[in-house]
Amino acid sequence: MKKNLIKKVFAVSLSIAMACSFLPAANPVTASAAAPYVSLKTTFKTLKVGQKYKMTLKNNTVSWKIKKVETTDKPIATVYGKTTSSVMIKGKSEGRATIRVHLKTSKRKQHNTKTLRCRVKVVTSTPTVDPTPTVTDATVTTQAELDEALKTSTITKITIKPTTAENFVIPANTYNNVDLIVDAPLSDIENSASFKSITVENIKAETWTEKGSNNAFTWKAAKGRLAIAKGAVVKSVSIPTTKAKVDIDVQEGTLNVVNVSSDAEVSITGKLAEGAAAVAISFSATATNAKLTTAIKAAVTTLAKIAAVFQKGAEDSTIKLEAANISVVVTNNTVKAIVVTKNNNTLQSVNAGATGTVESVSTSGGNNGNSGSTYPGSSTPKPVTSARILTGQSVTASVSGTTTSAAISGGAFKVSDSKIDLSISDVKLVTPSSLTVQYTVTASTSTWTKTVTTGDMKGIDADGDGKFESYKVDAKGLSINGAPGGNVKLTITFRVKATDTTAASPSAKVEYVIVVSEGENVAVTQSEESNLQLK
């Protein structure tokens with residue numbers, strides 16, 4: 001009887017326990033509730049002797065950074081190329097080693113350090129391994145990391161982005177395939193190298209010192225100072241950021257072009273290199289209310305309403321209004337008048353010590369011979385293209401050929417048969433594009449003029465990006481028949497050709513003087529240097 005009672009109590013207890021096991025828990029914890037911990041890409045790796053492997057972090061949700069890396073046996077496996085998020089491992093000889101990676105994060109006040117491990121087996125036979133990906137981008141935070149990235153030939157994009165006040169010095173070298181991006185609001189940069197492009201997103205307000213050659217800057221920083229050292233050449237500076245304040249200090253360096261496409265305040269001080277041309281400064285149609293202050297000679301063109309202050313040192317600067325219904329407020333603190341050319345090519349001067357407003361002509365005014373150009377089916381004049389010939393830069397020119405002269409009354413003579421060959425190269429736009437550049441050759445003396453030829457120049461796309469870095473023309477067998485003997489001036493003008501939606505650009509030109517002598521098959525004599533400057 002007692003045994004039966006015990007069996008019944010045990011059976012009931014077992015039933016209750018089994019039933020309870022099917023009830024939901026009061027506070028269930030799912031596997032997805034806990035965030036994964038930071039770890040290495042792998043905790044075990046097999047390498048062959050001489051093989052390299054890039055170890056990275058995964059599940060790095062709280063900004064862990066690699067501070068130190070150790071190997072237990074350097075003759076077997078060594079480590080190098082450490083960054084804040086990766087390290088390179090290389091197999092040296094057969095055996096086993098452990099790699100220790102020490103981490104730290106600033107996101108935590110406690111438990112902010114960690115050590116991760118990866119066991120490495122090095123073998124002499126070829127193991128089955130995942131291919132190491134080619135590294136093309138690098139983000140660097142220290143000078144050492146930058147130096148390592150610059151030495152890596154596969155890297156085509158380097159971002160300098162330190163978290164502290166780390167300054168950087170870039171030695172002289174040429175990196176034509178590398179885009180350099182700088183996001184360093186606490187850093188100074190001294191650069192002597194040449195890059196494919198340089199974009200400055202943030203920089204310490206005081207100084208970027210440029211000592212390189214032919215770098216093109218896109219200056220996105222809201223504030224900053226670009227110092228162009230003596231002997232340095234800056235190809236261009238583009239300023240797209242709204243309300244930006246950019247100071248450019250030309251310390252006897254060369255500054256070719258400044259492009260402003262926002263309502264920025266741009267200040268240019270210093271002194272140009274000996275013999276340097278005026279700085280070509282252009283304001284696009286989106287640069288309304290921009291302000292320029294310059295103490296060096298500048299050739300300003302604008303498609304927007306702007307203000308321009310010319311300080312001492314900016315004598316002989318010019319302004320060209322390239323659109324209708326815009327104006328420029330000129331403050332002239334130089335000792336010479338500043339000449340403003342309106343969009344219909346009429347001139348207005350602002351005297352030394354004066355301030356004046358110059359307004360462009362309304363839409364009925366012309367643009368270098370494009371007055372009345374309209375969109376198809378519309379009476380509205382077409383806007384002038386924003387593309388322009390880069391004036392102030394040198395082009396390569398040569399003229400050769402022969403002439404035959406015939407005597408006319410009074411002992412004078414004129415050309416009766418001529419064959420002139422003309423070659424011009426290195427004509428460039430302010431910004432490379434796929435547009436067509438048109439040229440016209442005119443021959444003239446004080447009493448005679450003739451349009452010799454006109455046509456389209458050949459665009460040179462050196463890097464295959466669909467945009468022309470320069471233009472050239474080779475014209476053979478040109479005629480100057482009818483020209484009187486003596487000096488004959490060839491004027492070659494260039495401008496961006498009109499399209500269906502835009503009128504042609506303003507013209508730029510070079511002039512070349514040839515000497516025509518009396519006689520049969522007289523060779524053309526060149527009286528100008530073959531390195532000419534676009535006006």
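1. Terms and model. Helices (H or I, at least four residues) and strands (E, at least two) are DSSP runs, numbered from the N terminus. This is a predicted model, in which local features need pLDDT of at least 70, side-chain atom pairs count only at pLDDT 80 or more, and totals for chains, interfaces and linings use all residues. Residues are numbered from 1 along each chain as its sequence is written, and side-chain values use heavy atoms, with hydrogens and water left out.

2. Two loop asparagines. N325 sits in the loop between β26 (318-321) and β27 (327-332). Its phi is near 65°, a positive value in a residue other than glycine. N325 has a relative accessible area of 57%, so this residue is exposed. Here buried means under 20% relative accessible area, exposed over 50%, and partly exposed in between (1.4 Å probe, protein chains only). N289 lies in the loop between β22 (279-283) and β23. Phi of N289 is near 75°, again positive in a non-glycine residue. N289 counts as exposed because its relative accessibility is 53%.

3. The open sheet. Ten strands make up an open sheet with mixed pairing. Their order is β11-β13-β15-β17-β19-β21-β23-β25-β27-β30. β11 (168-170) and β30 (355-359) stand at the edges with a single partner strand each, so one side of each has no neighbour in the sheet. On average, neighbouring strands of this sheet are turned by 15° against each other, direction ignored. Two strands pair if DSSP finds at least two bridges between them. For the angles, axes are lines fitted to C-alpha atoms (for helices over the stretch in contact), and values run from 0 to 180 degrees between N-to-C directions.

4. Which strand pairs with β23 in the parallel sense over five bridges? That strand is β25 (residues 306-310), while β23 covers residues 290-294. T294 has F310 in β25 as its bridge partner. Strands of a sheet pair through backbone hydrogen bonds, either parallel or antiparallel.

5. Rings of Phe, Tyr and Trp (its six-membered ring) pair if their centres lie within 6.5 Å; planes under 30 degrees apart count as stacked, over 60 as edge-to-face and the rest as tilted. The rule gives four aromatic pairs. One of them is W208 with F217, edge-to-face at 5.5 Å centre to centre and 85° between the planes. F217 and W219 have ring centres 6.4 Å apart and planes at 45°, so their pair is tilted. Ring pairs join W208, F217 and W219 into a cluster. W208 and F217 are both buried. The relative accessible area of F217 is 1%. W219 is buried too, at 0% relative accessibility.

6. S444. This serine belongs to strand β33 (residues 437-444). S444 counts as buried because its relative accessibility is 16%. Contact means heavy atoms within 4.5 Å. Leaving out residues up to four places away in sequence, S444 touches T449, V488 and K489.

7. Largest pocket. About 1,100 Å³ of space lies in the largest pocket. Of its 35 lining residues, N214, A216, K235, P432 and E469 are the closest to its centre. β12 (174-184), β14 (194-203), β16 (213-219), β18 (233-239) and β20 (254-260) each supply at least two residues of the lining. On a 1 Å grid over the protein atoms alone, a pocket is an open set of points where a 1.4 Å probe fits, with protein on both sides within 12 Å along at least five of seven lines; lining residues have an atom within 4 Å of a point. Grid points are joined across faces, edges and corners, and a volume is the space filled by probe spheres set on the points.
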